[in-house]
Amino acid sequence: MTDAASRESSHDCISRIDLVRGDITRLDVDAIVNAANTTLLGGGGVDGAIHRAAGPQLREVCAALGGCATGDAKITPAFRLPARYVIHTVGPVYRDGAHREPDLLRSCYEKSLALAEENGVNSIAFPAISCGAYGYPIDAAAQIAIDATLRFLADHPLPRRVSFVLLLESDYGVYERLLRDRRRA
Ligand code: ADP
């Protein structure tokens, strides 16, 4: 088979993506992604919710990882969560968009998906990385999340399913509109 033939079209890959409104800690998927900070020792927002739900063992294993650079990702067990793994990635703090924020955010999705594939993950769920305390505008961030994910899925059979989990209804609406536009394209 040629490369072109083995590559799924991005249109076909959209069917491997779904949207969920709610709390990512409740999801029964193989891996959930944490929007962590460089210390990996826990924080606010989704990071705090994941550490609370996973229990204290998560912080212990994270402490042994020696932190994580912005744009990179590391994997741990998920302990008390329904998921099997937590993939911790560190999104950029948004300043003005001219400080490598788009590249770093794209890298979070690429590195997380690559780690998932290496670990045989079938289903993975992402929060809106950097869109809370780190201030990334949701429209621009969602474009990057969807684009990076579709590109990865086009070349890789795993993960089979990717969920974007949005706590806020307004964020859910942004993803819904962008995916609808992609389906029509
Ligand atoms: P960052 O520091 O990367 O901006 P935050 O945790 O502050 O991370 O916010 C990232 C996104 O996660 C925001 O869109 C926020 O609404 C969302 N969020 C917060 N808690 C949860 C949760 N329990 N499940 C899913 N998303 C969440």
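Helices (H or I, at least four residues) and strands (E, at least two) are DSSP runs, numbered from the N terminus. With that in hand, Leu166 is found in strand β6.

This is a predicted model, in which local features need pLDDT of at least 70, side-chain atom pairs count only at pLDDT 80 or more, and totals for chains, interfaces and linings use all residues. Residues are numbered from 1 along each chain as its sequence is written, and side-chain values use heavy atoms, with hydrogens and water left out.

**Confidence**

The pLDDT is the predictor's confidence in each residue, from 0 to 100. Its mean over the protein chain is 96, and 96% of the residues reach 70 or more. Among the elements, helix α1 (residues 3-6) has the lowest mean, 57, while β5 has the highest, 99. Where pLDDT is low, the predicted coordinates should not be read in detail.

**Around Leu166**

Leu166 has 1% relative accessibility and counts as buried (buried means under 20% relative accessible area, exposed over 50%, partly exposed in between, with a 1.4 Å probe and protein chains only). Its contacts (heavy atoms within 4.5 Å), leaving aside residues up to four places away in sequence, include Leu19, Val20, Arg21 and Tyr175. The C-alpha atoms of Leu166 and Asp23 are 7.5 Å apart, although 143 residues separate the two along the chain.

**The ligand site**

Asp23 turns up again here: of the 15 residues around the ligand, it is among those that come nearest, together with Val46, Ser130, Gly132 and Ala133 (a residue is near a molecule or strand if one of its heavy atoms lies within 4 Å of it). A nitrogen atom of the ligand is 2.9 Å from a polar backbone atom of Ile24. On the oxygen side, a backbone N or O atom of Ser130 lies 2.9 Å from a ligand oxygen, and one of Tyr134 lies 3.0 Å from a ligand oxygen.

Most residues other than glycine have a negative phi, and most peptide bonds are trans. Ser130, in the loop between β5 (123-126) and α6, has a positive phi of about 75° and is buried at 6% relative accessible area. Phe79, in the loop between β3 (73-77) and β4 (85-90), also has a positive phi, of about 50°, but is partly exposed at 28%. The peptide bond from Leu158 to Pro159 is cis, with omega near -10°; Pro159 sits in the loop between α6 (138-155) and β6 (161-166).

**Charged side chains**

The whole structure holds seven salt bridges (a side-chain nitrogen of Lys or Arg within 4 Å of a carboxyl oxygen of Asp or Glu). Three of them are tabulated here.

| Salt bridge | Closest N to O |
|---|---|
| Arg21 and Glu169 | 3.8 Å |
| Asp147 and Arg106 | 2.8 Å |

Salt bridges that share partners join Arg106, Asp147, Arg151 and Arg182 into one network.

Asp47, in helix α3 (residues 45-54), is buried yet has no salt bridge, and the nearest side chain of opposite charge, Arg52, is 9.2 Å away (Lys and Arg count as positive and Asp and Glu as negative; His and the chain ends are not counted). The side chain of Asp47 does reach the backbone nitrogen of Gly43 at 3.1 Å.

Definitions and conventions
Polar contact = N/O pair within 3.5 Å; in protein donor to acceptor, adjacent residues only side chain to side chain.
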